[in-house]
Amino acid sequence: MTGRTVLLALLLPIGFAFANGDGPATLPDREDAPTVGSNAEATPPPRRDAFAFMPRGGGDLLPRVYGTPEARAEVLARTQSVEDWQADIAADAPDMPETEARTLAAYLANVTPTTEAELPPDGRTLALRHCQSCHSLFTGYLMQRRDRQAWLGTFASPFHGPIDMSAQEKAIFADYSAINMPMQVGDVPAELRF
Ligand code: HEC
């Protein structure tokens, strides 16, 4: 498409809307048109996880220890204490860093028995999903040092009433956060430090 064709394609629907009497009160800024046009033709940028700097949650760690669907099915069908999960993970993945092993053990203690298809979101996913719509993730989450009980306590504040998480999700979130937060300022990308 030439630039002229793109512009025409953009303007046509506006003309049509006006003809029907329900057009916009003001035309879009002139500079807007070429931006939209070139966006439409550009190949989308490669996907990249802007939050890759955050410690992995149980959902990402599970397949690192239990690599096959069969192994995961067997593990997820079990129920046991967090201490027993830690002992199993230490035996099955002796090289896993301690913080990750504790994160996975806590996650498994919260979610089992279950199946891979029904696996609830992990703490990292829950924080990204629920903690950045009203304030920054950096101040409200990444820089907070709290134990499990204090993380659960954040849900008691009246202003946190709208957060829609099940009791199980709150437990998963509190365990992940107590183990993995706060982060070091230097480990957070500069553009997220607000
Ligand atoms: C519905 C909006 C909303 C959402 C969603 C939200 N917060 Fe907040 N949060 C607030 C408001 C309002 C305050 C108080 C004013 C302020 O400090 O900005 C606050 C304050 C805080 C504080 C400091 C005060 C305190 O309670 O200790 C923390 C920590 C916090 N939020 C954590 C979180 C976490 C963790 C999540 C995700 C689970 C979250 N927030 C999601 C609205 C929200």
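**Exercises on a helical chain**

The axes of helix 6 (residues 98-111) and helix 10 (residues 167-180) cross at roughly 170° and come within 10 Å of each other. The model is predicted: local features need pLDDT of at least 70, side-chain atom pairs count only at pLDDT 80 or more, and totals for chains, interfaces and linings use all residues. Residues are numbered from 1 along each chain as its sequence is written.

**Exercise 1.** Classify the relative direction of helix 6 and helix 10, then describe their contact.

*Step 1.* Axes are lines fitted to C-alpha atoms, for helices over the stretch in contact, with angles from 0 to 180 degrees between N-to-C directions. Angles over 145 degrees count as roughly antiparallel, and helix 6 and helix 10 are therefore roughly antiparallel.

*Step 2.* Helix 6 contributes Thr-99, Arg-102, Thr-103, Ala-106, Tyr-107, Asn-110 and Val-111 to the contact, and helix 10 contributes Gln-168, Ala-171, Ile-172, Asp-175, Tyr-176, Ile-179 and Asn-180. Contact requires C-beta atoms, placed from the backbone, within 7 Å.

*Step 3.* By class, this contact of helix 6 with helix 10 has seven nonpolar, five polar and two charged residues. Ala, Val, Leu, Ile, Met, Phe, Trp, Tyr, Cys and Pro count as nonpolar, Asp, Glu, Lys and Arg as charged, and the others, Gly among them, as polar.

**Exercise 2.** Which residues are the closest to the ligand, and how does its shell divide by class?

*Step 1.* The ligand is surrounded by 14 residues (C-beta atom, placed from the backbone, within 6 Å). The closest are Cys-131, Cys-134, Gly-140, Phe-159 and Pro-162.

*Step 2.* The shell holds six nonpolar, eight polar and no charged residues.

Key: Helices (H or I, at least four residues) and strands (E, at least two) are DSSP runs, numbered from the N terminus. Angles under 35 degrees count as roughly parallel, over 145 as roughly antiparallel, 65 to 115 as roughly perpendicular and the rest as oblique. Two residues are in contact if their C-beta atoms, placed from the backbone, lie within 7 Å.
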